[in-house]
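Colleague: I would like to learn how to read a helix packing in a model. Where do we start?

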Amino acid sequence: MITNNANQQDSTNGQVESQNTDTNFEAMKEGFNSTNQAATDAMAEQTPASQPTEEPEKVAVKRPANRTGEEAKKPVKSTKKDRSMAATVENGRKFNANIATFVPEWLSNNTLIVLASLQAIVALAGELVAAVNDKLVMHGNILKDRFMLYDDIEALGTRVLNELKASGAPWTTIVRADHYVKKLRGERIIAIDPNEENANHISACQTTFVNKLEHFNGLITLVSTVESYDPIVADLQLAALKGRATQMASANESVDVSQAELTATRRERNKCFNEETVGLVDRYQTAKASAKAVYGVKSAEFKSIKGLEFRRIEE
């Protein structure tokens, strides 16, 4: 009986201890939860929910220093002025148009700068500028015609040389003909010795139009001495070769005449612009000075003409 009582008491004590243990665990659990909730609430108070996410800091762009209240000014691009001869003539026309409206009327004791004289000189200058341009075009066409006439002369000389060989011309004649053909090509007849020192040599490049005509005439003279030279092709026949040489000489003369006429027209134009006192440039510079004196530097009349440029022609 004592044993049973003891066992019952132990069992009872075990149940009590088990209940106490469960109670303690629950209490500890609630304690942890309370602590976690308190920590969460404290963090929420320190970090408001509406606080935005931080963005990377922007780098400030430096602006050019300027005066307070002023915007930075952009650099002004300089305008290029037309400094051609045609522009000078046009400026003369503008000058004349303006002074014709001046009040009081444009007058001067200097007959070179009265309106009628200025109108005459600017009209003449315009005609001479146009005349030079026309001469340039004509001279260019004449040069082109001569170039086409001389362009294949080397090839023609080679064909004549081969025709001489085919006609049975003497070897000495062929050698001399080859000499002229090489001259037409601008080749050296005798090679220069690389070991030779301090020697003067005539230039091999004798290829001006005058030189080529001279060499071609020499070849024609040589061909005329060969009786067996009788080609079938028309442009290789002796009469055709002589006709070609005549055309070449005429082309050279035409170029010389055209160049002389162009030079003379340029000289006349330049004199009209550049001549002291009576030339276009000096007249308009004098007229400008007169306007400054009569109407004043700040006058509307002078301001209307002061920016007009009159430039001499570089020779």
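Modeller: Start with contacts, meaning heavy atoms within 4.5 Å. I153, E154, G157, T158, L161, L164 and K165 in α4 meet I174, A177, D178, V181, L184 and R185 in α5. Those residues divide into seven nonpolar, two polar and four charged. Ala, Val, Leu, Ile, Met, Phe, Trp, Tyr, Cys and Pro count as nonpolar, Asp, Glu, Lys and Arg as charged, the others, Gly among them, as polar. This is a predicted model: local features need pLDDT of at least 70, side-chain atom pairs 80 or more, while totals for chains, interfaces and linings use all residues. Numbering runs from 1 along each chain, and side-chain values use heavy atoms, without hydrogens and water.

Colleague: At what angle do the axes of α4 and α5 cross?

Modeller: Axes are lines fitted to C-alpha atoms over the stretch in contact, with angles from 0 to 180 degrees between N-to-C directions. Here they come within 9 Å and cross at roughly 170°. That makes α4 roughly antiparallel to α5 (over 145 degrees).

Colleague: Which residues of α4 are buried?

Modeller: Buried means under 20% relative accessible area, with a 1.4 Å probe and protein chains only. In α4 that applies to I153, L156, G157, V160, L161 and L164. They cover an arc of only 145° around the axis, taken from the directions to the C-beta atoms, which puts them on the same side of α4. An α-helix has 3.6 residues a turn, so residues three or four places apart point the same way.

Colleague: What do the buried residues of α4 pack against?

Modeller: Against α3, α5, α6 and α7.

Conventions: Buried < 20%, exposed > 50% of the residue type's maximum accessible area, 1.4 Å probe, protein only. Helix = DSSP H or I, 4+ residues; strand = E, 2+ residues; numbered from the N terminus. Parallel < 35°, antiparallel > 145°, perpendicular 65-115°, else oblique.
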